[in-house]
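Please examine the structure shown here and answer a series of questions about its architecture.

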Amino acid sequence: MISSETIHSLGFICLVAFPFTTSVVLLPPAHAQTQVAALPEEVSQMQLEPDDSELRPLTQDDSLLSLQGGQRLMVEANQAIEAQDYTLAAQKLQQARQVFNQLSNFYQQLAESFSGIDNRIFNEHRQNALQTAEMRDEATYQLALVHRAKDQPELAVPLLIQIIRSQNPTRDLGKKAYQQLFELGFVGSPFPPSGNSEPTSSATPER
């Protein structure tokens, strides 16, 4: 038989435990309701009002990994050259060179991936790779001229050689790069041969 003292003790324990048990059961739903209520307006706004600039961020002018971003750096570099701030110009040209080089590599990889699968996409990305490679070489040439203007020919030489390897010595930019090497005294033979060579160019970066 359970004594009255034992019944009294159990009753006290139940009375003490019940409020805590109730609070544990009731609090989580209230917290969950607060979270759910805060989300629908934001989510529905994103779904109902799509922003094309957010969906295609690399098409924006302020994007670095884009044709527009590289061109913007080239403009800033030209402005620095006009102000004869060759240190800033070299920084901007190096950044532009890296952007165009990355783009060219990425487009080339995409073109190779679609080779034999979709000629339209293959040709599109191949042309993009060639275009950005041309811009990379132009930025590299300008950077070499900046180094020459800063009396740093040892920094200009490897850049000029990279251009010749990329462009081919018979193309305009390749000829100009070789002419710079000849003027610096790094090579002894002009190209094209004497009588057909272009006039000596200035060490001032082109604008």
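The questions below concern helices, the nonpolar core and salt bridges.

Me: How many helices and strands are there in the protein chain?
Reply: This is a predicted model, in which local features need pLDDT of at least 70 and side-chain atom pairs count only at pLDDT 80 or more, whereas totals for chains, interfaces and linings use all residues. Residues are numbered from 1 along each chain as its sequence is written, and side-chain values use heavy atoms, with hydrogens and water left out. Helices (H or I, at least four residues) and strands (E, at least two) are DSSP runs, numbered from the N terminus. From the N terminus on, the elements run α-α-α-α-α-α-α-α, and the count is eight helices and zero strands.

Me: What percentage of the residues of the protein chain count as buried?
Reply: Buried means under 20% relative accessible area, exposed over 50%, and partly exposed in between (1.4 Å probe, protein chains only). The protein chain has 207 residues, and the share that counts as buried is 28%.

Me: Which residues touch the most other members of the largest nonpolar core?
Reply: A nonpolar core is a set of buried Ala, Val, Leu, Ile, Met, Phe, Trp, Tyr and Cys residues joined through side-chain atoms within 4.5 Å. The largest one has 31 residues. The elements that give two or more residues to this core are α4 (67-82), α5 (86-114), α6, α7 (153-167) and α8, and α5 supplies the largest share, eight residues. The members that touch the most others are V146 and L160.

Me: Against which helices do the buried residues of α8 pack?
Reply: Helix α8 has 13 residues and reaches 19 Å from its first C-alpha to its last, close to the 18 Å expected at 1.5 Å a residue; the expected span is 1.5 Å times one less than the number of residues. Its buried residues include L173, A177, Y178 and L181. Just after α8, G185 takes a positive phi of about 85°. The buried residues of α8 pack against α6 and α7.

Me: Is R120 buried or exposed?
Reply: R120 forms a salt bridge with D118, with the closest N and O atoms 3.7 Å apart. D118 is partly exposed, at a relative accessible area of 23%. The relative accessibility of R120 is 58%, so R120 counts as exposed.

Me: With which residues is Q108 in contact, leaving aside its neighbours within four places in sequence?
Reply: Q108 is in helix α5 and is partly exposed, with a relative accessible area of 28%. Contact means heavy atoms within 4.5 Å. With those neighbours left aside, Q108 is in contact with R126 and A129.

Notes. A salt bridge is a side-chain nitrogen of Lys or Arg within 4 Å of a carboxyl oxygen of Asp or Glu.
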